[in-house]
Amino acid sequence: MSYRRVRSYQRRDARQDRKLPVRSRPGRVPTGVLLAAALAAGIAGIGTLSVPHLKAMLAASTKAAGPRPASKAEGIQSAGKLDVLRTARKAEGRPDACDTSAGATSAGPGQCPSATPAANVNCEIMVPAHPLTAAGLATPYRLTGPDGASPAASGCTMANAANLGAFVQATILDPATGKLSVYEPLVITKGTRPAVAPVVPKLPKGAVVTIDFGFNGGTLTQVGGTPRALIQGHCVDGLRGSPFGQVSFCHGTHFFWAARRAERQRKLTVPSAGVSPKTGQACPTTRAFTLVDQDQSDNVTTQYLLTATGRTAQFSKTNAAAMPQASVISNGSDNALLDDFLDPVLGCKPFTAPDLSQGGTPGTSQALDELSAARSQAAPVALVPENDPMALVNNRLSVTKTNHYRSMVGQPDISSGNNAADSPANYCQNMINIQTRFLSDHEALLASGPSPVPAVGNNLLTFMANRLIMSYVNLNCQKFGVANPVKVTLNRHGAATSATFDQAATGSP
């Protein structure tokens, strides 16, 4: 986020309770901060700890997670040499890309030329001319430092993706037929060239395009590559003087309006999210209180290939085969958590559409997840709350900014009707009650799934438990009289190895 707040967590042992303050941005904190704090707290042995979790660490999940279990993994696995390389790195405990903040070694010679300067967590992204057109989508976005700082001086390079990487994703609607597709525009470091020229997508006549941005740092500010680029793309990154932070958008409001119209005309049919064969319950969506955190509906499922010299290329089977030494980099994303980790464990399938940057291979996207959620999520529906750190203005609630954010992801404005579930107090209560019950009821199943970040939780269950605790803190849920019913146990390395859930504190049976 674009501001900082002191957060604290507690370690309880047989002798005393004490609070260890950690100064951090509520939406994302450098990985090393969390690990250092966790390790420090665990020096005396294994303890029970309420630990804030970071979405940024999702970007470093390749350290032990291997290829994504969703469709994009097929591209890697088809490129045998790259898969072998990644498997070897996994066995060695090494990340696919730069994750030096977690104390890991570099993924390859020259891969991590410099660490992120401690003072900088913000970057700028240069949006090309006519970004909603085929030519604009195929023109690389350029990542650079804030306020005229160079990429090297600021750390705003794609070689530093785990800390300050930017990712872009487009979802495309053909209004005549209702067909959807996705495309992943390439981000390069300013001053470099793509490792492989981006694919030029073929768009339908009158295509309606939305573009979502994700960032692994604090605040990503849009800058026009040409004087009218942001106007041409209807691009926004927040309110004047108050950015959203990690995320921004182009043309989101109109895209979702057009999609709803196509649904009413019965041109577009969004499939049901379905029922989990493992739980017998509805498959979760990005608007399910079983999944949401303090800043839901943020970041993208985009991946890129990164060379040892810091150049990037679109992720595809063809590019992976041509660059067997390249690493896969990704955005720390709630959507990836759902599509690539939770859905496979539950036997659910994410909503996909042909990915034009991968020759039509089925692909996921943030916008597709929101369409699926709008179609399938039963009450209570989780919508971006006013106390979402990305929706605050000067640390204060803002109806205007919250509604602005909601409109970009196809969600309805604040109303008395949806405030019954999504006012700050009600969002906290629903998130804690429903998610705690979900985690507790399905402990064994979730524990069987891989962790997005093994350094934080050793399986999917412990990862989500840590993430829920962070959300409780960041949303100031204690302010509304909501109790924290979740605790995790850390090993001497700072990773959560178990979680306990006090359902009595939530009023659950």
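In the hairpin of β6 and β7, with 6 residues between the strands, G178 takes a positive phi near 85 degrees. Helices (H or I, at least four residues) and strands (E, at least two) are DSSP runs, numbered from the N terminus, and two strands pair if DSSP finds at least two bridges between them. The model is predicted, so to speak of local features takes pLDDT of at least 70 and side-chain atom pairs count only at pLDDT 80 or more, while totals for chains, interfaces and linings use all residues. Residues are numbered from 1 along each chain as its sequence is written, and side-chain values use heavy atoms, with hydrogens and water left out.

β6 (residues 166-173) pairs with β7 in the antiparallel sense over 4 bridges, and L173 sits opposite L180. β7 (residues 180-183) is covered on both faces, with L180 and V182 buried on one side and S181 and Y183 on the other; buried means under 20% relative accessible area, exposed over 50%, partly exposed in between (1.4 Å probe, protein chains only).

On to the cores, meaning sets of buried Ala, Val, Leu, Ile, Met, Phe, Trp, Tyr and Cys residues joined through side-chain atoms within 4.5 Å. The largest has 42 residues, and F289 and L342 are among those with the most contacts inside it. α17 (460-474) is one of the elements that supply at least two residues, and gives the most, with 9. A second, separate core of 32 residues includes F167 and V187.

As for α11, 12 of its 13 residues are buried, so the helix is largely enclosed by the rest of the structure. Just after α11, G347 takes a positive phi of about 75 degrees.
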